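Try each task before reading its solution.

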Amino acid sequence: MYDKLWHQTQGALNSLLDKESQEFAEPQRHHVFIFQALATFFIKYVQIFRNLENVYDQIVHPQKRVLIRTILDGVMGRILELKNEMVELELSEFHYFDDILQDLKLAPQQLDIPIPKYFLKEKVEVIKGREKILAQILADSRLEASDMGLPIKPISLEEAVKFIQVAERARQGRLRAIFMKQIFLQEYRARQAKLLGEKVADVGTAVLRIQKVWRGFHQSRKTERVREEEMVFLGMNPPPLFNEVSATVTQAEKVALLRHEVQLQHEEDYREALLTTKDDLTVTEGPNIREKLQDQIRHWFIECRNLTGTFPDFPEAEEGGSAVIFSNKTPQQVIDDIIANQEEEKNKKKQKEKKATKERKKEMKGKMKEEDTAWKMSPSAFLPTMQEGNTVYKDIWKNKDESWNFPQNYDPEMIKEEKRKELESEIRVQVDELMRQELKSLKLAVNREKELPVKTRKKKGGKNEKKGKKGKREKKEKDLTADRPIESLFKELVAEGLLIPALKVNLSDYIGEYSYLGTTLRQVSVEPMPSLLDVRQLVALYGILPLGSAAVHEKAPLVKSLLLAGPAGVGKKMLVHAICTETGANLFNLSADNLAGKYPGKSGLQRMLHLVLKVARQLQPSVVWIGDTEKTFYKKVPKAEREMEPKRLKKQLPKILKLLKPNDRILIVGTTHRPFDAELQSFCRVYQKIILIPRPDYASRYVLWKQIIQRRGGVITRTLNVSCLAKVTDGFTQGHIVQAVLSVLTQRRLRQQALKPLAALEFIAALSSLSPVYQEEEDSFKDWYTRTPMGRKRTLAFTEGDAGKEKGKGQKKDTRGKRGPKKK
């Protein structure tokens, strides 16, 4: 099944690579066409990414998994490159693909970026060990804090017995009160019966009354059942067992777990085979390979002597040795190359003159066309890896007969081919040394030639160049803690509260819905507010995918810092913890409130940052979180917060960003609910990507209410109008909704659901004490975002586009007005 899925996905990837090379071969000018092409390729690559991730997670053949992993990383990186191209083209972080999804007949849910499972699966033991150490350090620090606190005052035995007696007597008193109340009610009913007088009921009338009530009840139940079946048939209500997990799903989960066990076993067998196969080949095929290489090089000596009259110069080990000469070539082909090179040298002089004249003409044309340049796709760092992986798939796996390998274990012949090449390269180094000595003796014996010392060519620039190189070298950071192991630094940061455990929250827990009118609104020049799932997609692209894969992080467009801005309660901290959970990253808390009173002074601040960066690099991936980051960039520090020194990191953060390199999987994430309190210029200089998180719209609120109630144990019935709740709670954030659900769904209320179903009024009463996010606050966030670099570029592009349209209309009107007089 998964093998078939892999072949289908590789076919789709092959056609997509061919289309991409054809589509962007020439520069394009039409803005809409460029964006449509980029968006189409982005969506198709996401579909391939989803399939490859599923295949890599479930396939058990170890050699196939190696190839799939390289292609998977390539596709992941290409998605990030296409996203970067769309951002630079549209000057916006958010993009909407409603029309393209409709053309491709895809659902919006298929646009969701999957998180590869191997991010956590490959380092489960490391994460568990780190969490265990972290929990132990926190437990020890809490014990120390409790020892330092106030002592607990002991009580005597008599006082303890007295407390127990009071509680027990109170319990007995409550039971006695309930019993007396029941006796009183019985006596009251007896007195009422005597006053009214006992009426003897007729048996027939009693039977008729019972029949009437029962038939009415039975018919009402039947009518309700028929109505429910009709609503399910029409698709208005879910089926009865819709929310229950089916037996097939549970069976599939069990099979997936078994596959993971088989994967681990096959991987161990494959690693052992890699070691044993090479040892066996050195014993069996090593001498033959040595003799073959020696004969090949000797034959080359003799043929070159016959053709040129002298023995050739043997390449040095730094140049590659004999592998440079015999790279997939026979001795006859090498001789032909020598003759061809001699002829090519004669033609080079003529071609150089022609090229020089052509380059001059091109430069002149290029200068003329600089003003009217067309858009061209920037070179990709991941397309070569995908193409190389695709060719390997075609050559080896596409038409390979695997009928003999039903359990899908490793292929021993493929391992032999790989190890044979490694063995040949190792033996070649030894043979080259022997043949160099043999060549010297041949030159002395046959030609009586004495080797002159090889003159080393002087490098251009000489001493001045060396000085220049020394000047360009970057200053190395001083290691302030060179004598301390990383474990002690880790413990110090945990004890100081700078390294904290991340909450177990997945990115899929950030619930929301797509924006279905984004493209329509942009066509009318109205900038739509992003939906919650658009925010989730950006966090996956900018935060999770680069941090999770080292190969992707080194080559992909580098994102060093990320800012999450939005009203309080929209889930900014949750997204930070989700990044750490999905990638297994360490979480460093450098918020202004957390740094208050820690590592005082300038030297203390430098030492703290050195500790954080050193531990973050050693235990990468790492996330440095700065909560309420507007405090670090305050325009004016409030009097109440001056003692806290919130602006300590303001000058240090740009320096930290310069120190981060592509191989450092460290991401700085800031969260703020009042970005307008900060200095905009220094704020935007630190944070490379800014994601504006809005309050949830109607569709997101509907999904939020439904899923949060169900996750907390609530049952949604017809008495609970979720649509009404979503409409009424306009302006409330996700935090408000979660708070209301938690306050209503207590353990006592959950037990009463069978008799008293949930109603919307219960949740509205809980929301009445919370203050929503008003439209004025959301508008202030929009205005602030328009003053950021990306927002300014976007508004400038809008104004230029509108001005161009107005000029075009004005020119048409002028041409209509300038008609000549009518002929009589």
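The exercises that follow concern a predicted model.

**Exercise 1.** Decide whether C304 and C684 are buried or exposed.

Solution. Step one is the cut-off: buried means under 20% relative accessible area. Step two is C304, which has a relative accessible area of 4%. C304 is therefore buried. Step three is C684, at 14% relative accessibility. This value is also under 20%, so C684 counts as buried. As for disulfides, the structure holds 0.

**Exercise 2.** Describe how strand β2 is covered and which strands it pairs with.

Solution. Next, sort them by face. In a regular strand the side chains alternate between the two faces of the sheet. In β2, S561, L563 and A565 lie on one side, with L562 and L564 on the other, and both faces are covered. Then look at the neighbours. β2 pairs with β5 (residues 666-672) in the parallel sense over 5 bridges, and L563 has G670 of β5 as its bridge partner. β2 also runs parallel to β6 (residues 689-692), joined by 4 bridges; here A565 is partnered by L692.

**Exercise 3.** What lines the largest pocket?

Solution. The largest pocket has a volume of about 1,100 Å³. Its lining consists of 27 residues, with E228, N237, P238, I716 and T717 nearest the centre. Sorted by class, the lining has 11 nonpolar, 8 polar and 8 charged residues. Sorted by element, α8 (203-234), α24 (698-711) and α25 (722-728) each supply at least two residues. The most come from α8, which gives 6.

Key: Residues numbered from 1 in each chain as written. Predicted model: local features only at pLDDT ≥ 70, side-chain atom pairs only at ≥ 80, totals over all residues. Heavy atoms only, no water. 1 Å grid on protein atoms, 1.4 Å probe; cavity = no way out; pocket = protein on both sides within 12 Å on 5 of 7 lines; lining within 4 Å. Points joined across faces, edges and corners; volume = space filled by probe spheres on them. Nonpolar A, V, L, I, M, F, W, Y, C, P; charged D, E, K, R; others polar. Disulfide = S-S within 2.5 Å. Buried < 20%, exposed > 50% of the residue type's maximum accessible area, 1.4 Å probe, protein only. Pairing = 2+ DSSP bridges.
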